Amino acid sequence: MRYCFQLQVRPDRLAEYAERHQAVWPEMQDALRATGWRNYSLFLRPDGLLIGYVEADDLAASQAAMEATEVNTRWQASMAEFFEGTTPTEGFPLLTEVFHLD
């Protein structure tokens with residue numbers, strides 16, 4: 001299954017947000033893989049609109065498994081200050097897929 005979501009990054013923190021994602025902790029990457037996240041990408045627009053794409057057999061199960069990890073708790077705490085409105089720990093507003101070229 002493919003999932004797409006959007007969040008809003010504070011426009012005054014875009015550079016630092018992008019910089020932190022150039023060095024995502026190896027243990028965070030390992031946890032994502034171990035909990036079923038595949039082909040995970042983030043795209044950032046200059047106004048702070050963040051679009052995420054991920055593939056998972058069951059996103060809710062993968063999210064719950066990640067929430068149970070200590071590394072995710074640390075990562076999310078370190079990243080919370082970058083978001084306006086909804087944060088990743090509060091859930092992802094999922095977008096509806098209307099087309100896919102197979």
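Val71 lies in helix H4, and this is a predicted model, so please keep that in mind throughout. Val71 is buried, because its relative accessible area is 8% and the cut-off for buried is under 20%. Leaving aside residues up to four places away in sequence, Val71 touches Trp25, Glu27, Met28 and Ala31. Take Met28 from that list: Val71 and Met28 are 43 residues apart in sequence, yet their C-alpha atoms are 6.0 Å apart in space.

How do H2 and H4 cross? The axes of H2, residues 26–34, and H4, residues 70–79, come within 9 Å and cross at roughly 120°. Angles of 65 to 115 degrees would count as roughly perpendicular and those over 145 as roughly antiparallel, so H2 and H4 are oblique to each other. The crossing is left-handed.

Which residues meet there? From H2 we have Glu27, Met28 and Ala31; from H4, Val71, Asn72, Arg74, Trp75 and Gln76. Sorted by class, the contact of H2 with H4 has four nonpolar residues, two polar and two charged.

Next, the aromatic rings. A pair of aromatic rings is described by the distance of the centres and the angle of the planes. The count for this model comes to seven aromatic pairs. I will show two of them.

One is Tyr17 with Phe82, at 5.8 Å centre to centre and with 65° between the planes, which makes the pair edge-to-face. Tyr17 sits in helix H1, residues 14–21, while Phe82 is in the loop between H4 and strand E4, residues 83–84. The pair links distant parts of the chain, 65 residues apart. Tyr17 is buried at 5% relative accessible area, and Phe82 also counts as buried, at 0%.

The other is Trp25 with Trp75, again edge-to-face, with 5.0 Å between centres and 90° between planes. Trp25 lies in the loop between H1 and H2 and Trp75 in helix H4, so this pair ties together parts that are 50 residues apart in sequence.

Last item: Phe5, Trp37, Tyr40 and Phe92 form one aromatic cluster.

Conventions. Residues numbered from 1 in each chain as written. Predicted model: local features only at pLDDT ≥ 70, side-chain atom pairs only at ≥ 80, totals over all residues. Heavy atoms only, no water. Axes fitted to C-alpha atoms, helices over the stretch in contact; angles between N-to-C directions. Helix = DSSP H or I, 4+ residues; strand = E, 2+ residues; numbered from the N terminus. Parallel < 35°, antiparallel > 145°, perpendicular 65-115°, else oblique. Left-handed = near helix turned anticlockwise from the far one by under 90°. Contact = heavy atoms within 4.5 Å. Nonpolar A, V, L, I, M, F, W, Y, C, P; charged D, E, K, R; others polar. Phe/Tyr/Trp six-rings, centres within 6.5 Å; stacked < 30°, edge-to-face > 60°. Buried < 20%, exposed > 50% of the residue type's maximum accessible area, 1.4 Å probe, protein only.
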